[in-house]
Amino acid sequence: PLAKGRTVPGTDFTPVPPNKLDAVSIPDGYAQHVVIRWGDPVVPGAPKFDFRKQTAAAQAKQFGYNNDFVGLIPQDPLGLRNLLVVNHEYTTEVHLFPADQYDPANPTEEQVKIAWAAHGLSVLQTLRDPIGGALRTVPSPLNRRITLDTIFEVRGPAAGSKYLKTSADPSGKRVRGTQNNCSGGVTPWGTVLSGEENFHQYFANADKVTDPAEAARLKRYAIGTGTSTRKWERFDKRWDVPREPNEPNRFGWVVEIDPNDPNSTPVKHTALGRFKHEAANVKITADGRVAVYSGDDERFEYIYKFVSKGKYKKGHSALARRHNSALLDDGTLYAAKFSGDSPGEIDGSGKLPADGEFDGTGEWIPLASGNKSFVDGFTAEEVYVFTRQAADRAGATKMDRPEDIEPNPVNGRIYAALTNNSDRGAAGKAAPDEANPRTRNKNGHVLEWDEERGDSAATRFSWRLLLVCGDPATADTYFGGFPKDQVSPISCPDNVAFDPHGNLWISTDGNTLGANDGLFSVPVSGPERGHVKQFLSVPVGAETCGPVVTENLVLVAVQHPGEDAASSANPTSHWPDGGGSQPRPAIVSVWKKGTFGLPGRIGHR
Ligand code: FEO
Ligand code: CA
Ligand code: CA
Ligand code: CA
């Protein structure tokens with residue numbers, strides 16, 4: 001066994017111990033700075049944040065709520081200036097508003113509109129302080145807010161579909177807003193892809209739809225029944241499914257934002273399918289086409305891949321951005337099928353099979369290509385809009401909540417976080433299999449695969465589990481074969497990223513091991529493969545999102561600090577402002593003290 005504390009480039013730090021502190025805890029020798037918090041100004045004219053005096057007009061100019069994805073787009077060759085792009089996933093109104101102002105049974109119209117403005121994305125110009133090291137936001141004409149009121153262009157094979165038309169948009173090609181933007185990815189051409197994830201929760205009364213086919217489709221996506229939690233349907237009928245039955249079909253897409261063009265109309269790409277997209281990340285194929293990986297984050301859902309028909313043009317010019325964006329409108333959409341090589345040995349306990357690994361082969365099952373469907377009983381349009389049902393029919397493998405998926409820029413392999421699945425092996429539910437080997441999987445796992453010939457256009461792959469997460473002291477965990485007495489405990493992997501050395505970084509959501517969530521590094525090759533180390537932990541009630549990891553800068557999104565409180569009346573977290581303050585979701589930069597202040601190479605570019 002290797003000596004404790006031995007490190008590989010990029011992971012040269014002393015791990016942070018698991019803890020329950022109301023703070024961002026970082027290793028000794030590192031510094032941190034809050035880059036931007038919910039309510040801080042983004043565009044000109046944004047008023048100073050006032051928790052007790054919120055307005056929709058103010059929120060539309062301020063940093064939104066519950067930051068998730070973080071992307072950094074270099075603006076100069078040195079990487080001194082970068083555009084910071086952030087998703088604002090969702091709202092919890094009992095934390096968003098003062099308890100004496102918000103009645104959950106009777107929200108005011110202004111409060112509902114504040115919530116719409118708190119969703120979407122923010123684009124911010126940043127400068128790295130070359131002396132202090134912090135990343136700071138600066139005023140810029142590129143700064144932008146995108147909200148649930150921003151107009152999106154629908155493109156690709158389902159644009160204009162009869163399933164997307166509503167009374168407000170008879171064309172089926174123009175959608176107002178984006179919501180539940182969870183994670184995402186920066187494209188090689190310098191735009192941002194963002195996944196519309198749990199969009200179902202904002203709709204009401206889907207149970208009152210009587211057409212059986214329509215009702216079945218709504219149910220497959222768990223579109224909201226009865227009165228919604230947020231009561232938005234009282235103020236805009238588009239959230240009331242019986243009155244606008246196609247409105248739910250206008251969400252659940254991968255959207256693309258061009259942060260370098262503040263006047264650009266953002267796009268919903270229908271060729272990438274409609275499901276609860278956690279994220280979307282690009283890899284260029286051997287012959288120069290664009291592959292996009294995306295997971296559907298719900299229990300027993302699928303992993304997908306899109307491969308474009310046309311070829312990628314290198315560069316970040318407006319022309320290259322337009323050309324490459326259009327590639328995402330025509331191609332083939334696949335769902336993944338995993339086969340284990342140790343059949344009969346998977347008993348749900350997490351015990352390794354006799355060959356020493358949870359591993360096997362897999363295939364990409366084509367669902368549709370352009371206007372051609374490969375799934376019996378589905379038109380191509382139906383494959384794109386009702387992708388879950390098409391993948392059911394095609395026989396894809398039901399996974400334990402596929403979250404972020406990202407290609408490793410150094411070894412070329414693809415990595416997916418499977419966050420957990422409390423229903424695996426439950427009565428009437430799918431049994432454990434080699435790719436999802438634990439019954440009632442509480443702590444999740446991390447999957448690694450090699451596309452055939454290392455080519456993302458391939459339709460076959462081999463795979464293995466890198467990590468089976470949890471308390472390393474328990475027998476049902478696996479850390480890539482690394483000695484388990486030397487690793488940090490890790491639970492519920494959610495977002496993944498790579499540093500420039502190809503080390504995997506994992507942020508967690510929902511730690512079941514009695515400590516706060518955090519960010520962890522793990523080498524994926526050499527003798528240190530599987531050596532998980534905790535780099536930071538986040539405050540009480542928070543989930544760790546982002547992350548971006550460069551040579552000398554780490555960015556994380558601290559999402560929903562204090563969300564475990566019943567309401568803002570009794571906050572459980574006072575991060576980041578301290579004292580008796582309300583918690584505020586925020587982006588934090590962390591760097592090693594004394595390092596020169598350029599962000600350095602970004603792992604995934
Ligand atoms: Fe929004 Fe799948 O986490
Ligand atoms: Ca095996
Ligand atoms: Ca997530
Ligand atoms: Ca999550």
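In this predicted model, 22 residues of domain 1 are in contact with 17 residues of domain 2. On the side of domain 1 that touches domain 2, helix H3 and helix H7 (387-394) each supply at least two residues, and H3 gives the most, with 3 residues. Sorted by class, this side of domain 1 comprises 11 nonpolar, 5 polar and 6 charged residues. Domain 1 itself is made up of two stretches of the chain, 30-195 and 253-592, whereas domain 2 covers 198-251, and the C-alpha centres of domain 1 and domain 2 are 24 Å apart.

Helix H3, which spans residues 109-118, is largely enclosed by the rest of the structure, because 8 of its 10 residues are buried. These buried residues are Gln111, Val112, Lys113, Ile114, Ala115, Trp116, Ala117 and Ala118, and what covers them includes helix H1 (56-59), strand E3 (81-88) and helix H2 (93-96). H3 is followed by Gly120, a residue whose phi is positive, near 100°.

Elsewhere in the model, an open sheet is built from 4 strands in the order E26-E27-E28-E29, with antiparallel pairing. Strand E26 (493-498) and strand E29 (533-537) form the edges of this sheet, each pairing on one side only, and neighbouring strands of the sheet are turned against each other by 25° on average, direction ignored. Within the sheet, strand E27 (residues 504-508) and strand E28 (residues 518-522) run antiparallel and are joined by 4 bridges; Trp505 has Ser521 of E28 as its bridge partner.

Definitions and conventions. Residues are numbered from 1 along each chain as its sequence is written. Chains are lettered from A and ligands numbered from 1 in the order in which they are written. This is a predicted model: local features need pLDDT of at least 70, side-chain atom pairs count only at pLDDT 80 or more; totals for chains, interfaces and linings use all residues. Two strands pair if DSSP finds at least two bridges between them. Axes are lines fitted to C-alpha atoms, for helices over the stretch in contact, and angles run from 0 to 180 degrees between N-to-C directions. A residue is buried if 20 or more other C-beta atoms lie within 10 Å of its own, exposed if 12 or fewer, and partly exposed in between; C-beta atoms are placed from the backbone. Two residues are in contact if their C-beta atoms, placed from the backbone, lie within 7 Å. Domain bounds come from an automatic or database domain assignment. Ala, Val, Leu, Ile, Met, Phe, Trp, Tyr, Cys and Pro count as nonpolar, Asp, Glu, Lys and Arg as charged, and the others, Gly among them, as polar.
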